[in-house]
Amino acid sequence: MADPLVSALKIASSGMEAQSTRLRIVSENVANAETTGKTPGADPYVRKTVTFAATLDEVTGANLVRVGDIGTDKSAFESAYDPGNPAADANGYVKRPNVNMLTEMMDMREANRSYEANIQVVKQAREIINMTIDLLRS
Amino acid sequence: MDQVYLFSLTSKQADWLAHRQALIAENVANVNSPGYSAKELTPFAEVLNNTALAQRSSNPMHMVGYGGATAETEATQAATWDVKHSGNTVVVEQEMMKAGEVARDYSLNTSVVKSFHRMVMMTLRG
């Protein structure tokens with residue numbers, strides 16, 4: 001049987017890993033917020049989404065969190081009038097990525113906050129382990 | 001000192017607190033998993049009161065969460081403050097509060113063990 005405090009550390013680090021994957025996806029979206037297609041009428045960058053799922057770890061029996069699926073946002077592209085752009089169609093309209101900066105910033109903040117919460121749990125579990133070790137010193 | 005089962009009681013509570021910390025870690029890690037519902041252990045006082053025969057997981061194949069459970073520490077769905085749009089019921093603030101509670105209780109627990117140990121040693125040295 002696994003020690004619950006050790007599995008607490010493992011669970012929290014799985015949460016941190018999942019949140020950092022989410023942050024990576026956010027940074028991909030933000031970096032490609034202006035990426036249009038190359039040929040006339042081509043589709044631009046499609047916003048990526050990330051989902052989490054609880055999975056049972058068979059070794060410790062703990063419910064870890066894993067990145068379930070990295071999908072794409074199905075919402076429609078915006079179009080802007082820019083006839084000089086190489087990706088402009090016959091009418092001079094360019095399809096622009098469906099990335100909303102406000103949504104991405106929100107997502108980033110939330111990932112950050114969840115990451116911090118996981119760090120707090122790690123700190124506390126470590127503190128408890130230290131308290132137990134201190135018993136030997138008295 | 002045999003009449004006072006303090007060491008057994010404190011180690012029981014330490015075990016319960018460690019399981020609770022693992023459960024809090026689980027809840028916090030799954031704060032953004034859709035459809036996940038927050039879990040909570042049976043209160044410690046209830047664990048001590050409950051002397052009835054309970055079902056046990058006698059085989060490691062019996063499915064349990066939170067890092068290997070015993071029959072004394074059974075997880076149930078927690079009543080939380082809020083349910084999110086995705087069906088997730090974890091509230092980070094509440095979990096942080098619970099984690100603080102665990103740390104406080106554990107600190108009390110180890111302090112009790114320390115002072116009781118000192119008392120025993122005092123008796124031995126005379």
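Select chain B to begin: of its 126 residues, 30% are buried, where a residue counts as buried if 20 or more other C-beta atoms, placed from the backbone, lie within 10 Å of its own. This is a predicted model, in which local features need pLDDT of at least 70 and side-chain atom pairs count only at pLDDT 80 or more, while totals for chains, interfaces and linings use all residues. Residues are numbered from 1 along each chain as its sequence is written, and chains are lettered from A, with ligands numbered from 1, in the order in which they are written.

Staying with chain B, switch to a cartoon view and trace its 3 helices and 2 strands, which follow one another along the sequence as α-β-α-β-α; helices (H or I, at least four residues) and strands (E, at least two) are DSSP runs, numbered from the N terminus. If you then display contacts in chain B, meaning residue pairs whose C-beta atoms, placed from the backbone, lie within 7 Å, those with a separation of 6 or more are 73% between residues 24 or more positions apart.

Next, select chain A, where 2 helices and 4 strands are found, arranged from the N terminus on as α-β-β-β-β-α. Colouring chain A by burial marks 31% of its 138 residues as buried, and of its contacts between residues at least 6 apart in sequence, 62% join residues at least 24 apart.

Terms used: A residue is buried if 20 or more other C-beta atoms lie within 10 Å of its own, exposed if 12 or fewer, and partly exposed in between; C-beta atoms are placed from the backbone. Two residues are in contact if their C-beta atoms, placed from the backbone, lie within 7 Å.
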